[in-house]
Amino acid sequence: MENLIIRNERPEDCRIVEELTREAFWNLHVPGCHEHYLLHVLRHHEDFIPELDLVAEIDGEIVGNIVYTKAKLVDDQGEEKEILTFGPISVLPAYQRKGIRKALLRHSFEKAVSMGYDAVVIFGHPCNYISSGFKSCIKHNVCIGDGLFPTAMLVKELVPGCLDGRRWRYVESPAFDIDHREAEEYDRQFAPREKAYQPSQEEFYIYSHSAIRK
């Protein structure tokens, strides 16, 4: 999109971006959503990376956002490697399927590499990220603590070959361990919306609760 601008989030954007995030995720994964509260919490955590907190703007309106947090991989000998994870990534429903998500990803990947990062691990719907270079975690030998390879865990080497084939265990930042009661309380600061079931929630449950063992 010719009139798309990607820039760093500013302090005055915070509430707008939380509203956007709430709009993008409402009833998508569960009835209601907690992603806007997660975003609020992440901004104040030591693992949050302000330089990779980006908004997409069209004609002065913020229509998308992506934020990054530090994570790490640990190999079988205990060697640690600092990497990235992102999320939430949000695009207003009216602007979805217009290439804004891909533009945020592409811009943020370039910036991450310039900052010295070489790999990203996320949990997401494969269909949304394969075209941006993500692969199943099992193809990069990245598992979680119990030796499982979750279906929804996806890996991208920003620098090809950086994971070098050894087995890695993914360790997420504790910033993502939010209190759902506090999230519900925070949501009361926003305009009331109806919580409802929709089929995407069952799809999310299937992806987020399935895994394979190598």
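Student: Before we turn to that part, what percentage of the 214 residues in the chain is buried? After that, please look closely at Ser90 and its surroundings.

Tutor: This is a predicted model, in which local features need pLDDT of at least 70 and side-chain atom pairs count only at pLDDT 80 or more, while totals for chains, interfaces and linings use all residues. Residues are numbered from 1 along each chain as its sequence is written, and side-chain values use heavy atoms, with hydrogens and water left out.

Buried residues make up 49% of the 214 residues in the chain, where buried means under 20% relative accessible area, exposed over 50%, and partly exposed in between, with a 1.4 Å probe and protein chains only. The secondary structure comes to six helices and 11 strands; these are DSSP runs, numbered from the N terminus, with helices (H or I) of at least four residues and strands (E) of at least two.

Ser90 has its place in strand β4, which covers residues 80–91, and Ser90 is buried, with a relative accessible area of 0%. If residues up to four places away in sequence are not counted, Ser90 touches Leu20, Thr21, Ala24, Phe25, Val63, Gly64 and Asn65, a contact being heavy atoms within 4.5 Å. With one of these residues, Thr21, there is also a polar contact from side chain to side chain, at 3.3 Å. A polar contact is a pair of N or O atoms within 3.5 Å; within protein, one must be able to donate a hydrogen and the other to accept it, and residues adjacent in sequence count only if both atoms are side-chain atoms.

On the α1 side the contact is made by Val17, Glu18, Thr21, Arg22 and Phe25, and on the α2 side by Glu35, His36, Leu39 and His40.

For contrast, consider Asp59, found in the loop between β2 (54–58) and β3 (61–75). Asp59 is exposed, with a relative accessible area of 68%, and its side chain makes a polar contact with the side chain of Asn3 at 3.3 Å.
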